[in-house]
Structures are given as C-alpha cells and as structure tokens.
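Please keep the sequence and the model in view while reading.

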Amino acid sequence: MLFRSDWKTASDIWSVGVFTYQLLTGSMPFTDFQFPNNPRISQIWRSILNDEPKFQGSKWENVSQDAKDFTKLCLAKAHHARPSAKDCLMHKWLTQTDVHDRFKGKSLDCEPFKYETSILMKAQTINTKSII
C-alpha cells in the first residue's frame with residue numbers, strides 16, 4: 001500500500017516543500033520544539049503528523065506570497081491535495097518574475113576542466129582525499 005505510485009509522487013512533492021521551506025527560511029518546517037538544536041526523531045515525526053508549518057514571523061517577512069503559496073501547496077498533509085510535478089513547474093512563483101534580465105545571462109567564456117594526464121588526475125584525487 002505504501003508503494004502506490006500516487007503516494008510516491010506525492011511524497012516527492014512533499015520533499016520539495018520541505019526543501020523549499022528550509023531554503024527560504026533556514027529552518028525546518030517540522031521539528032522538536034522543545035529541543036530544536038538537538039531534535040529527537042520521535043518529536044519530528046509527531047510534528048509532521050500533528051503540526052502545520054508556520055508561515056509568519058521574521059523569517060518569512062521578505063518571502064513573497066507566491067513562494068509561501070508554493071511551499072504550502074507542496075506541504076499539504078493530504079497527498080491527493082499536493083500538486084503534480086508539472087503543476088509545480090507551472091506555479092506562478094517559478095514562472096513569473098519581476099526581474100527583467102532573468103534569462104539573459106552571459107555564457108561563461110572558459111574551457112571545461114580537463115586532466116592533462118592520468119598521473120596528474122591521480123595526484124589531484126589523492127590530494128583531495130587528504131583534505132577531506
């Protein structure tokens with residue numbers, strides 16, 4: 001029952017809502033309100049099931065109403081109430097902007113990075129691993 005395709009797609013859209021909320025505010029839509037800096041998984045699940053995300057307060061002051069609407073739609077509790085991926089891509093927040101040069105960017109004038117030799121590639125890979 002949990003692997004029906006309408007649930008899987010709706011779950012993906014819900015995840016988009018969670019990511020969008022986090023990117024717009026820097027916080028999670030569902031959390032352990034008692035211990036927000038060290039949340040307990042059980043409390044996060046409880047919050048997901050019982051709480052509605054908050055869309056007011058200082059973190060939302062400079063967020064457009066369209067962005068809030070998009071996020072709310074994606075986070076709808078009922079999976080059948082969430083938009084499809086196509087509907088998400090057609091949402092006003094993603095299709096309309098008051099920035100006049102949004103799609104008039106300049107292409108980068110550079111060559112893609114290429115390894116000169118396989119030895120150099122191996123050396124750079126080793127150096128990267130030692131940094132990590």
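Which exposed residues does the face of H2 turned away from its buried side carry? That face carries Ile41, Trp45, Leu49 and Asn50, where exposed stands for over 50% relative accessible area, buried for under 20% and partly exposed for the range in between, with a 1.4 Å probe and protein chains only.

## Basis of the model

This is a predicted model, in which local features need pLDDT of at least 70 and side-chain atom pairs count only at pLDDT 80 or more, while totals for chains, interfaces and linings use all residues. Residues are numbered from 1 along each chain as its sequence is written, and side-chain values use heavy atoms, with hydrogens and water left out.

## Overall make-up

The secondary structure of the protein chain comes to six helices and zero strands, helices being DSSP runs of H or I with at least four residues and strands runs of E with at least two, numbered from the N terminus. Along the sequence this gives the pattern α-α-α-α-α-α.

Of the 132 residues in the protein chain, 23% count as buried. The chain exposes about 10800 Å², of which carbon and sulfur atoms supply 58%; accessible areas come from the Shrake-Rupley method with a 1.4 Å probe, and for residues only the protein chains shown count as cover. Where contacts (heavy atoms within 4.5 Å) in the protein chain are taken between residues at least 6 apart in sequence, 53% of them join residues at least 24 apart.

In helix H2, which spans residues 41–50, the buried residues are Gln43, Ser47 and Ile48. Seen down the axis of H2, these buried residues fall within an arc of 145 degrees, so they line one face of the helix; the arc is that of the directions from the helix axis to the C-beta atoms.

Helix H3, residues 65–74, has Ala67, Lys68, Phe70, Thr71 and Cys74 as its buried residues. Seen down the axis of H3, they fall within an arc of 160 degrees, and therefore they too line one face of their helix.

Val18 lies in helix H1 and is buried, with a relative accessible area of 11%. Leaving aside neighbours within four places in sequence, Val18 is in contact with Met28, Pro29 and Leu75. The C-alpha atoms of Val18 and Pro29 are separated by 6.5 Å, the two residues being 11 residues apart along the chain.

The loop between helix H1 (5–25) and H2 holds Thr31, which is buried at a relative accessible area of 16%. With neighbours within four places in sequence again left aside, the contacts of Thr31 are Pro36, Pro39, Gln43, Ile44 and Ser47; Gln43 and Ser47 are also among the buried residues of H2.

## Cysteines

The structure holds zero disulfides, a disulfide being a pair of cysteine sulfur atoms within 2.5 Å. Cys74 is in no disulfide, and the nearest cysteine sulfur, that of Cys88, is 3.9 Å away, which is too far for a bond. Cys74 is buried, with a relative accessible area of 0%, and Cys88 is buried as well, with a value of 7%.

## Salt bridges

Two salt bridges are present in the structure, each defined as a side-chain nitrogen of Lys or Arg within 4 Å of a carboxyl oxygen of Asp or Glu. In one of them Arg40 pairs with Asp32, with the closest N and O atoms 2.6 Å apart. Arg40 counts as partly exposed at 33% relative accessibility, whereas Asp32 counts as buried at 2%.

Asp66 forms a salt bridge with Lys92, where the closest N and O atoms are 4.0 Å apart. This pair links distant parts of the chain, since Asp66 is in helix H3 and Lys92 is in helix H5 (residues 92–95), 26 residues apart. Asp66 is partly exposed, with a relative accessible area of 26%, and Lys92 is partly exposed, with a relative accessible area of 43%.

## A nonpolar surface patch

Leu89, Met90 and Leu94 make a nonpolar surface patch of about 310 Å². Patches are made of residues with over 30% relative accessible area and no salt bridge, like charges being joined within 9 Å and nonpolar side chains (Val, Leu, Ile, Met, Phe, Trp, Tyr) within 5 Å. Leu89 has its place in helix H4, residues 85–89, and is exposed, with a relative accessible area of 59%.
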